[in-house]
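Let's take a walk through this model together. Have a look at the structure first, then read on.

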Amino acid sequence: MTAPHTGGCRCGAVRFEASVEPHHISYCHCGDCRRASGAPVSAFVGFMTDQIALDGKALKRFENGPVTRTFCGVCGSPIAYTDGRLAGHIYFTLGSMDMPAYFKPTHHAHVREQLPFLHMPDDLPRHLRTSVTRPDGQRPDGTQS
Ligand SMILES: [Zn+2]
Ligand SMILES: [Zn+2]
């Protein structure tokens, strides 16, 4: 399967398309993703924002610090997140892709927060915290934390 890759929400009010292959596919075990998804582990497919088209009329957003999560305002499906420290990137929820089996994660992020009963016996790299380097301690407005 090759690009374009498409996806959307449960009810169909939100649709998106990416014109290229993703640059990033990973699991995330952090508590913030867990709250946002309701699932014990999340997975994301990363693209550059200028390589995707998003029909966003039904989208709603929730901002938490530098991270903005979007979801369908009709059916509530989580769609994506962006991080102010990673300008130009968007990470779609793997489950919102139309062909989710195509997007095999290549690593685990935030395994320090992984639930103790969750066992995923693969040989993928595991990162205690983030798998994507952010400018160290820098807030989106450029001040230091
Ligand atoms: Zn929807
Ligand atoms: Zn996370």
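Strand 3 and strand 4 run antiparallel and pair over five bridges; strands here are DSSP runs of E with at least two residues, numbered from the N terminus, and two of them pair if DSSP finds at least two bridges between them. Within this pairing, Tyr27 sits opposite Ala43 in strand 4.

Keep in mind that this is a predicted model, where local features need pLDDT of at least 70 and side-chain atom pairs count only at pLDDT 80 or more, while totals for chains, interfaces and linings use all residues. Residues are numbered from 1 along each chain as its sequence is written, ligands are numbered from 1 in the order in which they are written, and side-chain values use heavy atoms, leaving out hydrogens and water.

Now zoom out: an open sheet of seven strands has the order 6-7-8-9-4-3-10, with mixed pairing.

What coordinates the zinc ion (ligand 2)? Cys28 (SG), Cys30 (SG) and Cys33 (SG) do, at 2.1 to 2.3 Å. Donors are N, O and S atoms within 2.8 Å of the metal (3.2 Å for Na, K and Ca), and since water is not among the atoms, sites may look incomplete. In sequence, the donor residues are spaced C-x1-C-x2-C. Cys28 counts as buried because its relative accessible area is 9%, and Cys30 is buried too, at 11%; buried means under 20% relative accessible area, exposed over 50% and partly exposed in between (1.4 Å probe, protein chains only).

How values were computed
Helices (H or I, at least four residues) and strands (E, at least two) are DSSP runs, numbered from the N terminus.
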